[in-house]
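Here are my notes on this one, in the order I'd read them with the model open. Have a look at it first, then go through the points.

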Amino acid sequence: MLYLIGLGLGDATDITVKGLQAVKSCSRVYLEAYTSILTVGKEALEEYYGKQLILADRDLVEQGADQILEDADVTDVAFLVVGDPFGATTHSDLVLRAVNAGIPYKVIHNASVMNAVGCCGLQLYNFGETVSVVFWTETWRPESFYDKICKNRTAGLHTLCLESLVTDFRGKKIYEPPRFMTVNQAADQLIQVIQSRKEEGEELGMTEDTVCVGVARLGSDEQKIRVGTLNQLVSCDLGAPLHSLVITGRLHPLEVDMLRVNAEPNALENLHMIDSSTYTS
């Protein structure tokens, strides 16, 4: 059996009872180590699970999947994923390879940023397409995330922006130091796009004054939420990774009340621009 097991968002103890039982029964346990991270390291997981973990980087998962699936038809193998196996990053290719090889599989779900983001006060069914905000370079400055945010806002929907995470290699095994995009970095890139589109005379789908929510370390004891305008979030510091940014659409009165509850004390005044004309019924 191939087990795909979600680890949740916080630390080693966030694994479900069913997931932990499966891990303990497996002869090999792989830890997917490139799409997200927990607040604890590999050693803490090994101590809690009572199992040695094999780190699975992008190269192994995408190019060496046969190694993960080896003998999984006669023994149990676990593939651990931070969050949920089919949350922000899916591993459908590994499942399809198992099916084609005649290997049975089982998915054990857990919390993901895709549902945990509801803790910020915005209702999950009011979210549109999730977007990724990637690190810009001198020669590569994609803006497609802005267009998708505007499309969501046109429909009155909120947008979850997943921040770029670089933890492995690019090219021929040239490893980069780990980099984690922060809320203020994502907000700054968005503002640069807004300013560029404004100079081009384009009608804006959002502005620097759009109400946004920054979240960090969802699911952990150090979870942090900050509510403010996009312009205000440029200067916020939410600390250690991982970060996500939410761009609001039309707001229900209950969502506004929840934003006030979750806002930092000095951010409450930033909600003065939300009045009855912003509400959706």
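1. Labels first: helices (H or I, at least four residues) and strands (E, at least two) are DSSP runs, numbered from the N terminus. Residues are numbered from 1 along each chain as its sequence is written. Keep in mind that this is a predicted model, where local features need pLDDT of at least 70, side-chain atom pairs count only at pLDDT 80 or more, and totals for chains, interfaces and linings use all residues, while side-chain values use heavy atoms, with hydrogens and water left out.

2. L218 is buried, at a relative accessible area of 9% (buried is under 20%, exposed over 50%, partly exposed in between; 1.4 Å probe, protein chains only). Leaving aside neighbours within four places in sequence, L218 is in contact (heavy atoms within 4.5 Å) with L9, V113, A116, V117, C119 and Q223.

3. The unreviewed UniProt entry lists L9, D84, G87, S112, V113, L218 and H243 under "binding site". Positions from UniProt are in the numbering used here, feature names are shortened, and annotations may be inferred rather than shown by experiment. S112 sits in the loop between β5 (105-108) and α6 (113-116), and S112 is buried with a relative accessible area of 6%.

4. Now the sheet: five strands, open, in the order β6-β7-β14-β12-β13, with mixed pairing (two strands pair if DSSP finds at least two bridges between them). β6 and β13 stand at the edges with a single partner strand each, so one side of each has no neighbour in the sheet. Inside the sheet, β7 (residues 159-163) and β14 pair in the antiparallel sense over four bridges, and L160 has V246 in β14 as its bridge partner.

5. α7 lies across β6, β7 and β14, running at about 145° to β6. Axes here are lines fitted to C-alpha atoms, for helices over the stretch in contact, and angles run from 0 to 180 degrees between N-to-C directions.

6. Which residues touch the most other members of the largest nonpolar core? Of its 26 residues, they are F145, L190, L230 and L245. Such a core is a set of buried Ala, Val, Leu, Ile, Met, Phe, Trp, Tyr and Cys residues joined through side-chain atoms within 4.5 Å. Its largest share, seven residues, comes from α8. Beyond neighbours within four places in sequence, L190 is in contact with F145, Y146, I149, M206, L230, L245 and I247.
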